[in-house]
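Dear colleague,

My notes on it come directly after.

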Amino acid sequence: MSQKISLTRYLVEQQRMEGHIPSQLRLLLEVVARACKRISQAVNKGALGGENSILGTAGSENVQGEVQKKLDIIANEVLIEANEWGGHLAAMASEEMDGIYVVPNRYPQGEYLLLFDPLDGSSNIDVNVSIGTIFSVLKMPEDDRGVDEGDFLQPGRQQVAAGYCVYGPQTTLVLTVGDGVAMFTLDREQGSFVLIEENVRISPDTQEFAINMSNMRHWDEPVRRYIDECLAGQEGPRGKNFNMRWVASMVADVHRILCRGGIFMYPWDKREPDKAGKLRLMYEANPMSWLIEQAGGAATNGHQRILDIQPTKLHERVSVILGSKNEVERVTGYHAKL
Ligand code: P6P
């Protein structure tokens, strides 16, 4: 039987043999993985908590103006508590927190910045559909002044690690440190993440698109053209039929694309023209775009590579078109013809 490789062993090998990651980053990623295990346990409880059920809303809103679910707050607290004392981080940023969280003085400060969406797709929590944690790691800029929000405003190409943990039929952690994409599934009997796939590759072509079709009347022309052509099927200009999926949980849609190809789009639309898009650049689009590129796919905002976008705000939003390279390039090309 082939020997099971744990996340710990994979990271030690990335540190020792590939020279890809220093020990501080390896240790940080181990802590994030342990936090995801704890979140997975909380998610799996569902309504079993009785009157202390972790389902339902927390009666508050986050900085995005979105109603917070109890699990959004629980997951955020788990990630903060797990990561603040280890000495790897200078600060953290979360979809669920207005400002950055600077590591308290009582703990040693490290050289990394951790950003996360603690529980992406939380509208699916109460109906038992896959959700997930998305994380991104940046290095502190090289200077000796204290950490502030400006230190986080780095383009996605500066990431040193990125990944997500999807809480679905399996709890699977997907990670890149710049040496391709590896997938690890949680072995609950062992209590550890076990390598199931490394060097994940996405086919450059696909017949499957993911978009929220209910927004069709609000889309810009290039997106409408692309989807209309997909819907025209083999009698249309594409000469092939397409399938559609939309989980309304980015982690689940991106995981499917990493597993079998596809294109995911959450484009700008005219409902709120001043907003670049719905999804957040720093802790959703950037980590997912790096994973997709590391697996041979592409990710743009319709006009430029997402990883080259220079952020101006921590909770900046962005239009997202990512997945199978040839399809992303086609949609981006339609935008260029505007
Ligand atoms: P809609 C979840 O709230 C999320 O941020 C992404 O995970 C998901 O792809 C998208 O929003 C779903 O948006 O408008 O379809 O509910």
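The notes that follow cover the domains, their interface, the sheets and the salt bridges.

This is a predicted model, in which local features need pLDDT of at least 70 and side-chain atom pairs count only at pLDDT 80 or more, whereas totals for chains, interfaces and linings use all residues. Residues are numbered from 1 along each chain as its sequence is written, and side-chain values use heavy atoms, with hydrogens and water left out.

Domains and their interface

The protein is divided into domain 1 (7–197) and domain 2 (208–336); these bounds come from an automatic or database domain assignment. The centres of the two domains, taken over C-alpha atoms, lie 24 Å apart. Domain 1 brings 50 residues to the contact and domain 2 brings 33 residues, where contact means heavy atoms within 4.5 Å.

Between domain 1 and domain 2 an area of about 2900 Å² is buried, and carbon and sulfur atoms give 64% of that area. Buried area here is the accessible area (1.4 Å probe) that two parts lose on being put together, summed over both. Of the area that domain 1 buries against domain 2, 19% is supplied by Ile134, Leu153 and Tyr164, more than by any other three residues.

The interface of domain 1 and domain 2 also holds 17 residue pairs in polar contact, with both residues at pLDDT 80 or more. A polar contact is a pair of N or O atoms within 3.5 Å; within protein, one must be able to donate a hydrogen and the other to accept it, and residues adjacent in sequence count only if both atoms are side-chain atoms. Several strands each supply at least two residues of the side of domain 1 that touches domain 2, among them strand E6 (131–139) and strand E7 (161–167). Strands (E, at least two residues) and helices (H or I, at least four) are DSSP runs, numbered from the N terminus.

Sheets

Eight strands form an open sheet of mixed pairing, in the order E4-E3-E5-E6-E7-E8-E9-E10. Two strands pair if DSSP finds at least two bridges between them. At the edges of this sheet are strand E4 (101–102) and strand E10 (192–198), each of which pairs on one side only. E5 and E6 run antiparallel and are joined by seven bridges; Leu114 has Val137 in E6 as its bridge partner.

A further open sheet, also mixed, has five strands in the order E12-E11-E13-E17-E15. Strand E11 (residues 208–210) runs parallel to E12, with two bridges joining them, and Glu208 stands opposite Asn243 in E12.

Salt bridges

The structure holds 20 salt bridges, each being a side-chain nitrogen of Lys or Arg within 4 Å of a carboxyl oxygen of Asp or Glu. Two are found across the interface of domain 1 and domain 2. Arg157 and Asp308 form a salt bridge through their side chains (3.1 Å, N to O). Lys4 and Asp187 form another, with their closest N and O atoms 3.2 Å apart. This pair links distant parts of the chain, 183 residues apart: Lys4 is in the segment before helix H1 (7–16), and Asp187 is in strand E9.

With kind regards
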